[in-house]
Amino acid sequence: MKRTRSGTKQVYTLADLENWEKATRGISPPIRLGVFGDPVAHSLSPQIQSAALKHHKIDIQYGRFHIRPNELASAVEFISKLDFIGINLTLPHKIGAAGLVDELDETAKRTGAVNTIKIENGKLRGFNTDGRGFSRAIREEFSVDLRDLRILVLGAGGAARAIALECAKESCERLVIANRTLEKADKLADELRDFFAGPRVLGPVARLQSIPLEEAAIRFQIGHVDLVVNATPLGLDRGGASPIPARLLAPHVMVYDTIYSANRTPLVSAAIEAGARAANGLSMLLHQGALAFEIWFQREAPLDVMRKAID
Ligand code: NAP
């Protein structure tokens, strides 16, 4: 069994949670935070959160848990009884977790997805920090606020929903949602329509639109947007294709790929080829993690320390 330098296992499972005392005998400080995912080995959350805990001299550890979808309900029940402070959820658990907590914050309610759980007096509170993490990432990467941007979001799944909601809440100039399954983009746009009802100077195109993720539709929109966001897994596989080819991009757009990788993602490469500014999802990962830390501990997350841990 692989162990880390601090004696914890590299990856825990539901079976470990069932026998937590035995699985963590001799582990000090105790594991009271963690991430549930399937797969989870690639998650950078342990590095980010461990750096913050160490910085603030908080004497607990953050574990990695390989939890399958059919195990999620049991795993969440265990942590509520095991003196955990909280948990992060990554793929594919964000939507499942929303149905397992006692309370949802407004963003988690609207997106139907939870990426952070806080346990207080045995109660599970669900939050979603992806949208605000995205907003902070855009400010950091491009020195602009969402409210000043015309934004094209590719995808209508969990991440896209959190991002689109944040764009709407921050009253972005324009929002276009492009998805392979058009009905899902239509539904998301309908849910956000109220945010775009107010008076605002409009150009020749609608302020809120849903379109198919197809070349002709994207080609038309590119001239009317400032920021393109990839919130699909396209490009996650090494050697995979970009969701938008370089020929559809233009030097005036900023491109943000929520996929994070040490190397350039296919979309970031396409953007650079087109002369556009581009960044990948590491900054969003960092900021959503910093917000989770602040939810758990009510104190400022040490951003520079957390950033250094994944650089
Ligand atoms: P999800 O809920 O499964 O949604 C996936 C979306 O991608 C859907 O809109 C889906 O379209 C679309 N899609 C999937 N395969 C496609 C394909 N072959 N061609 C075209 N469209 C396709 O997933 P999610 O939770 O939103 O995650 C999406 C990505 O966001 C992840 O890969 C992850 O890298 C990234 N993410 C990053 C962060 C961060 O902190 N940086 C945080 C969260 C997520 P349909 O509706 O047509 O199926």
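Predicted model: local features only at pLDDT ≥ 70, side-chain atom pairs only at ≥ 80, totals over all residues.
Local features need pLDDT of at least 70 and side-chain atom pairs count only at pLDDT 80 or more, while totals for chains, interfaces and linings use all residues. Residues are numbered from 1 along each chain as its sequence is written, and side-chain values use heavy atoms, with hydrogens and water left out.

Helices here are DSSP runs (H or I, at least four residues), numbered from the N terminus. Helix α3 (residues 45-55) and helix α12 (residues 282-297) have axes that come within 10 Å and cross at roughly 45°; axes are lines fitted to C-alpha atoms over the stretch in contact, and angles run from 0 to 180 degrees between N-to-C directions. That makes α3 oblique to α12 (under 35 degrees is roughly parallel, over 145 roughly antiparallel, 65 to 115 roughly perpendicular, the rest oblique). The contact (heavy atoms within 4.5 Å) joins I48, Q49, A52 and L53 of α3 to L285, L286, G289, A292, F293, W296 and F297 of α12. Its residues divide into nine nonpolar, two polar and no charged (nonpolar: Ala, Val, Leu, Ile, Met, Phe, Trp, Tyr, Cys, Pro; charged: Asp, Glu, Lys, Arg; polar: the others, Gly among them).

Helix α7 (residues 130-142) packs on α12 at about 130°, with the axes 7 Å apart, and the two are therefore oblique to each other. The contact of α7 with α12 has five nonpolar, four polar and six charged residues.

The ligand is surrounded by 25 residues (a heavy atom within 4 Å). A polar side-chain atom of K184 lies 2.7 Å from a ligand oxygen atom, and a backbone N or O atom of L285 lies 3.3 Å from an oxygen atom of the ligand.

Technical notes:
Polar contact = N/O pair within 3.5 Å; in protein donor to acceptor, adjacent residues only side chain to side chain.
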